Amino acid sequence: MRVAVVGAGIVGSLIARELARYEADVLLVEREPDVGWGITKANSGIVHAGFHDPPGTALARFCALGNALFEQLALELDFAFHRCGAWVLAFTPDERRVLDGLLNQGMENGVPGLTICPPDDVLSEQPYVTPDVAAGLWAPTVGITEPWAVALAAAENARENGADWHVGEAVTGIAVRTGRVQAVVTDRGRYAADVVVNAAGLWADRIAAMAGLSEPRLAPRRGEYILLDASARAFVRSVLFPTPNPHSKGILVVPTVDGGVLLGPTAEDVSLDAKRATETTAHGMAVVRAGATRLVPALARMPAIHAFAGLRPESSGRDFVVGPTPVRGFYQAAAMRSPGITAAPALARWLAESISAEFSLQPKSRFISARKGIPRTADLSAHEWDALIERDPHYGQIACPCNGVTEGEIMEAIRRGATTVDGVKFRTRAGFGRCQGGSCADRVLAILTRELCVSPEEVTLRGPGSALVADRVRP
Amino acid sequence: MTKAIVCVACPVGCEVAAEVVGGEVTRVSGNRCPQGEVYARQEAVEPLRVLATSVKLVDGARPLVSVRTDRPVPLRLIPELTAHIRTLSVCAPAEVGQALSHDLLGTGADLVATRSMPRAAPR
Amino acid sequence: MAAATAAAHVGARTLLIEREEALGGVLDQCIHPGFGLHRYREDLTGPEFAHRLVGELAASGAEVWTGSTALELGPSRPVARVVGTAGLVRVRAQAVVWAAGAWERPVGALLIPGTRPAGVFTAGLAQRFVNIHGLIPGRRALVLGSGDIGLIMARRLYLEGIEVVGVLELRPFPGGLLRNVVQCLHDFGIQLRLSHTVSTLHGRDRLTGVTVVEVDEHGRPIVGSEEHIEVDTLILSVGLIPETRKIEPWVSLDPINGGADVDGWFRTRIPWLFSAGNAVAVFDLVDTVARVGERAGLAAARHARGDLPVGETVPLVREGNVGHLVPTSLVPGVATTLFVRARGPLPRARVEVGPGVVSRLHVGVRPAEMVEVDLSPEETTKLASLPEARVEVRPA
């Protein structure tokens, strides 16, 4: 039995991992130069509770389930996850009524611990919230994570359990005969497949069309974000939501797992074919800052360190498009708009079980469920770190002073598949801090050059066309 | 003809006018101190600069060794000097102060290393 | 280095901890001359200046650890946790001098709309690529910011054959030393555009160009002045920020300097913790940085032997045209040199400390060049007796 999973974002990687529990050849194919570089790396990083989602939708079904799985998953796969909780803030009587609706919706979706609190309680928990807050909905199960770290961890674990992964390879066709999947064709080869899982993010509509399917119909929605310096963290303890509107959850204030504060996103529909419209705009960034300041006034004067934009796959049905299709062997894991990150673990499990039932797959006798991440020296005890340095002195050389990332960690990231500066950044957090790579980019480039045995001009920021340097000073 | 020169001898930055007739400075005005006159007289006729750049280092801990001319050289020769220095290379180790090239393009200036650089460590 | 040398010379057992393999900090990459004119009366390059200090340090008997990073400092006691290739070490001292220099504001902090391609470098990063790693960042460059590092890099890239299309400066006057405007830009015909900035970045994987715009006196873009310039490299010189990472939870930071509040001894509000150099405020001359480093080292050594009393200090209040100000408070009865940076240029200025204690006339005050005011012990005592001690720079 051969399975091809198209797209190594958080959804595809977790599906590949689940499928790796069974006796089947699993191939994970990713068009970008690295795992987790599509939607997965440009979103709010929130593990949602599930009260935002209309009951009866796949969103609702998989969100609360997925949320509950995150703790265990974080332990198994060794990625950062923090259940910091969230407040939905209301400032008017109308908004207060919306909170009631969210509470009911949440309860219907099986979300535990939801409570609506008066302003005093909100302000005693979150002293920096705008004082004229009228009420707050407290959702204790909301958490924060690094979705690309989840994708990387799942992909590594899938590989350890026998799955294969290819990056920098784009699917160009799906061979279908007599209504069943035969093969996946890419720009590098043809792979026979009995099952294809479409987890291709923004490209899922194209992949589905290759198999003759007209769903999902995707309309990219751009979200702009501003990342604030760690000094802003003093003002934020949990995720803060405004009262949602029919269009979106609103501009959020999100503490990040590495100690920063993320503001955003906007929600702007871009043209249907604009799969890469990830530019930020002056207007969008102004809307982000204003929205965040509405919730926490002190954020108005906090320095930013970075701004970015990501695209989300809105679909006409405003729900996930997941499960089997009229084409036998072709499964959808598409239109994974918010809460796609949260839903991913539950969706992956459900989909793998569906596939194994349909194709009578045998579970493997041995599945290695634990995966150890790259040691984060900044989080180790002195004893553990000393032992690490004893084994490899590179772990005693700090390469990224902002985040305390050592040369040893960077070398391990390269061993695990990083071939670009961003690949190192997303695996180690080198370059993610206050100076945004100003102190370490040259060092990361030197390490990549050395470890990959390439010339400096060949090292890129994020793949072909993004070389950092042009030439040697004295060739 | 009159040349307008910004004096950089001190932070004031006097705007000095130097009258040049037949390649010689006949009059200097606008300076607030004698240093300005000295600077302007040279600058009006033949601006001089210390050139600092790098030379290719063979087998060194780094690919380049930083260098400079040991005295100011004519500004107008800098493009030529830079092109010439680009053709030089030196074997590690280099010592700070070491003259790597003498009398560059007949200017009388030596090119000296401004940093010591050892040989590359064995891999 | 200057602090460690000074402390060791007065008999303190001194350890210098440096995170890079080489000593010298940013001097190592500043291969251009302009250093040491005051301290050594010679026009030296950065590495040569560093070499002098390294020699002085070696002669002083101070211990030196390179490739070692201080992870934690204090807060209640002068203890540092340090990591290096030999492992983790806890270092116990009686006094600490924090002299970690400054870091560069990144492009992300400017929130320039557009893409996030390769090809955007802070000037210091580009300088390291060229001078240390021997790598050319790109083929056609624009420099944003006319601070010294931007001017220096405009020249450096030009001399290495890169097309430098110009230098943009947001304000209506250049940010760097006059000497650098002349010797980096005028000398090579590199255009300086005042009251200009970059409003958009273009190019998905690698920079393909930028939109340049003129700004008004408030720094706001003038609609209709947009111009597209094709470049593959953008060099940023948009601010140096004192590095205070390991001390900022414990000390008070001066919001304009960016570094710790320090008194005439360069002591922070923690009696055993001193700070000097660019880690306090960005200075213009390394000679001055060495001087303040020495003072901090001497004070730290005195504190270590119990000979630097902790007493009331006199906070200095800024008035008018005063930007950076070092130190930010005075110790009564202790002679102190004030380093003052004006916010805007003045052809003739009066620098006053008081009111009514010191008044000095300066000709040609520019933001790029700090002004020094020496205060005698009597003058600092007099300032202590005032309800508020103010520093002002105003037109004369």
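A residue is called buried when its relative accessible area is under 20%, and the legends below apply that cut-off to a predicted model.

**Figure 1. Chain C as a whole, with its buried residues.** Of the 396 residues in chain C, 59% are buried. The chain is built from 7 helices and 28 strands. Its radius of gyration is 22 Å, close to the 21 Å that the globule rule gives for 396 residues, so chain C is as compact as a globular protein of that length. When contacts in chain C between residues at least 6 apart in sequence are considered, 61% of them join residues at least 24 apart. Chain C exposes about 15,400 Å², and carbon and sulfur atoms supply 52% of that area. Its side chains include 40 positive and 43 negative ones, and the centres of these two sets lie 4 Å apart.

**Figure 2. Helix α1 of chain C and the elements it packs against.** This helix, formed by residues 2–9, is mostly covered, with 7 of its 8 residues buried. The buried positions are C:Ala2, C:Ala3, C:Ala4, C:Thr5, C:Ala6, C:Ala7 and C:Ala8. After the helix comes C:Gly11, whose phi is positive, near 95°.

**Figure 3. Chain B and its overall dimensions.** Chain B has 2 helices and 10 strands, and from the N terminus on its elements follow the order β-β-β-α-β-β-β-β-α-β-β-β. The radius of gyration of chain B is 19 Å, whereas a compact globule of 123 residues would have one near 14 Å. Taken along the principal axes, the C-alpha atoms of chain B fill a box of roughly 60 × 30 × 15 Å. Buried residues account for 44% of the 123 residues in chain B, and among its contacts with a separation of 6 or more, 47% are between residues 24 or more positions apart. The accessible surface of chain B comes to about 6,300 Å², with 53% of it belonging to carbon and sulfur atoms. Chain B carries 14 positive and 12 negative side chains, and the centres of the two sets lie 8 Å apart.

**Figure 4. The contact between chain A and chain C.** Chain A contributes 50 residues to this contact and chain C contributes 43 residues. The area buried between the two chains is about 3,900 Å², of which carbon and sulfur atoms give 56%. On the side of chain A, the residues A:Arg434, A:Asp442 and A:Val473 supply 17% of the area that this chain buries against chain C, which is more than any other three residues supply.

**Figure 5. The surroundings of A:Thr256.** A:Thr256 sits in the loop that runs between β16 (252–255) and β17 (261–264) of chain A. With a relative accessible area of 14%, A:Thr256 is buried. Leaving aside its neighbours within four places in sequence, A:Thr256 is in contact with A:Ile144, A:Leu227, A:Arg233, A:Val261 and A:Leu262.

Figure 6. Most peptide bonds are trans. In chain B, however, a cis peptide bond joins B:Ala92 and B:Pro93, with omega about 5°, and B:Pro93 belongs to the loop between β8 (89–91) and β9 (99–101) of that chain. In chain C, the peptide bond from C:Gly354 to C:Pro355 is also cis, with omega near 20°, and C:Pro355 lies in the loop between β25 (346–354) and β26 (358–365).

Figure 7. Most residues other than glycine have a negative phi. A:Arg318, although not a glycine, has a positive phi of about 55°; its place is in the loop between β19 (304–315) and β20 (321–324) of chain A, and with a relative accessible area of 40% A:Arg318 is partly exposed. B:Leu105, likewise not a glycine, has a positive phi of about 45°. The loop that holds B:Leu105 is the one between β9 and β10 (111–113) of chain B, and at 38% relative accessibility B:Leu105 counts as partly exposed.

How values were computed: Residues are numbered from 1 along each chain as its sequence is written. Chains are lettered from A and ligands numbered from 1 in the order in which they are written. This is a predicted model: local features need pLDDT of at least 70, side-chain atom pairs count only at pLDDT 80 or more; totals for chains, interfaces and linings use all residues. Side-chain values use heavy atoms; hydrogens and water are left out. Helices (H or I, at least four residues) and strands (E, at least two) are DSSP runs, numbered from the N terminus. The radius of gyration is taken over C-alpha atoms; the globule rule is 2.2 Å times the number of residues to the power 0.38. Buried means under 20% relative accessible area, exposed over 50%, partly exposed in between (1.4 Å probe, protein chains only). Contact means heavy atoms within 4.5 Å. Accessible areas come from the Shrake-Rupley method with a 1.4 Å probe; for residues, only the protein chains shown count as cover. Lys and Arg count as positive and Asp and Glu as negative; His and the chain ends are not counted. The place of a charge is taken as NZ of Lys, CZ of Arg, CG of Asp or CD of Glu. Buried area is the accessible area (1.4 Å probe) that two parts lose on being put together, summed over both.
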